[in-house]
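User: I am new to this structure. Please take me through it step by step.

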Amino acid sequence: MIENKKTEHKPPWLVILKRFSSNKMGMIGTFLILCLILVAIFAPLLEPYSYKEQNIDLISSPPSSSHLLGTDDFGRDLLSRTIRGARISFVVGVLSVAISVIIGIVIGCIAGFYGGVVDLVLTTIADLTWSMPAILIALLFVAIIGAGLESVVIAIGLSYWAQYARLVRGQILSLKNAVFIEATRSMGASDFVILFKHLLPNSISPVIVAATIGIGNAIVLEATLGFLGMGAQPPTPSWGAMMSNGTAYLFIAPWMIIFPGLAMMITVLGFNLFGDALIDIMDVKNKESS
Amino acid sequence: MTFLKVSDLKVEFQVDKKTITPIENISFEMNEGEILGMVGETGSGKSLTAHAIMGLSSLVGGKIGGSVQFGEQDLTKLSENEMQSVRGSQIAFIPQNPMTSLDPVYKVGDQIVEGLYKHTKISKRNAKQQVIELMGKLRIPKPDRVFQQYPHQLSGGLKQRIVIAMGLCNNPRLLIADEPTTALDVTVQAQIMTLFKELAEERGIGLFLITHDLGVIAQVCDKVVVMYAGNMVEFGDIKTVFNTPSHPYTKALLGCIPHIGMGKGTLSAIDGNVPSVGTYPSGCRYHPRCPSAFEPCKKSMPELIRKKGETQVACHLFQEIKD
């Protein structure tokens, strides 16, 4: 009568965790993300110097024992600034994706569930947003609300919601006629309960996967905006802004651009590896085969 | 007081500016504690009738006509909000396939509790207690353990019992079961049917059973509605309909059942197929397949005629006699 005795007393998260730990790439991704989080949290303790402390005697000096990654054109320690930059990148990445996901979920749910004209209008808006390069939309928003970290978060959030909206809409569409929804409805459940208690939890796993990879994209977009001078304002060290700054000294002080670039590459790689591993693991349909 | 009286029920859909009527001319009644069977081929509108009674077809754009008198209220006149409080509490529905009727992300116990919460004011602990008790009554082994399990960990028979428990948790007066045993194997089928019979007898629940299995109907039902191509062709108590079927379709349907000892040979079948919605023939929808069809059958749709007792039949053959 009772199948699958092995997993009977294991909570689902434990099963997921166990499967995750056997995924090498996923573990590397997890490790990189954990490093980033730790660095972001303990940034003030890890920085050998203050990120805004300028040293006129050591302008654009190459990596040395006192400044492991060298200094920039103001004589600021690059290691300290890269460490502080992790904080900016992480916060921007997570917050902006959170905004995208929330907007995407709400719009996707409404479009998928109610269908008809509502769906048509919302899907068209999403498609239009989707068809424009995210950087353009972000630039537009930054131009409207002004440069700065908060506006970058909002701008990136408003640039990427369409992909989540489409993802959620598709999931809701395929699920809303499922028999268990009919069963729930026949129990007298309201639209709200059906949508947010039954349809959404069943559609959420691909969204989590997309969001994880989306954090990587958001970090890149933040760097791009920073590179264009639209992001965090000096002296706040954003990796993008640091690289932008470094372009002027590309041939005399390449470390100014290499190290923030490497930091960003590793971070994005971490999120992508983690996301790819999630795709394999979070698949609800495979839950039974473990 | 009437328990359930369906009169002239029909559902209309607008498809590409055309109106299609997948079901119409459905009238029957049932009393408390009775089991009413609805039988018909695939696509004859059985499930849609159930949905129309529950007011679920209006949610997908269908327009419901006629009336569904349930106790003192006409369900077709209620608003969606009022209907939500009727659904699950007074009328419960058991959907077609137990394998897919449970939300895969919640523990089965919590799903039953959710239904209970919706209509009954009860504390969390009492709700759990009551659900486990109900699961026990439905002969679910180790109910406290099954309560904590996810749908994919249960067998088909157990899932069906869980779905039935969901239906019964608020002590409904009417239980509509849409092919509750089609997806189950024969032994489990028999158990579920026995369970239904007990429920009707012990709790006085009216049971509206949709099936295409005439054997099931003969076994447990008090009354039967025979559906063909969205129309009700015959309605009556089980003995009359099965022993002396009036409508040629009912006769043909009963003739298709093989009996033990009937010898080897070709199984009898009704020639042709059920026409699909939108391609219904003129007049009586059964006439192209009917062996006793004659002129009027092609021209006009036969009306429902009351024969002796409660029996009703929609066929021109009997219209003639009446005239």
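User: Which residue just after α4(A) takes a positive phi?

Analyst: This is a predicted model. The phi is about 60°. The residue that takes it, just after α4(A), is Gly115(A).

User: How far apart are the end C-alpha atoms of helix α4 of chain A?

Analyst: Helix α4 of chain A covers residues 78–114, which is 37 residues. At 1.5 Å a residue, it should span 54 Å. The model agrees with that, since the end C-alpha atoms are apart by 52 Å.

User: How many residues of α4(A) are buried?

Analyst: A buried residue has 20 or more other C-beta atoms within 10 Å of its own. α4(A) is mostly covered. Of its 37 residues, the number buried is 27.

User: Is Glu150(A) buried, exposed or partly exposed?

Analyst: Glu150(A) lies in helix α7 of chain A, residues 149–175. Buried needs 20 or more other C-beta atoms within 10 Å, and exposed needs 12 or fewer. Glu150(A) has 13, so this residue is partly exposed.

User: What separates the C-alpha atoms of Glu150(A) and Ser96(A)?

Analyst: Along the chain, the two residues are 54 residues apart.

User: Which elements of chain B give two or more residues to the side that touches chain A?

Analyst: The contact takes 23 residues from chain A and 28 from chain B. The chain B side has 12 nonpolar, 13 polar and 3 charged residues. The elements giving two or more residues are α2 (80–86), α3 (108–119) and α6 (156–168) of chain B.

User: Which residues touch the most other members of the largest nonpolar core?

Analyst: This core has 160 residues. Its largest share, 14 residues, comes from helix α9 of chain A. The residues that touch the most other members are Ile176(B) and Leu207(B).

Methods. Residues numbered from 1 in each chain as written. Chains lettered and ligands numbered in written order. Predicted model: local features only at pLDDT ≥ 70, side-chain atom pairs only at ≥ 80, totals over all residues. Helix = DSSP H or I, 4+ residues; strand = E, 2+ residues; numbered from the N terminus. Expected span 1.5 Å × (residues − 1). Contact = placed C-beta atoms within 7 Å. Nonpolar A, V, L, I, M, F, W, Y, C, P; charged D, E, K, R; others polar. Core = buried A, V, L, I, M, F, W, Y, C linked by C-beta atoms within 7 Å.
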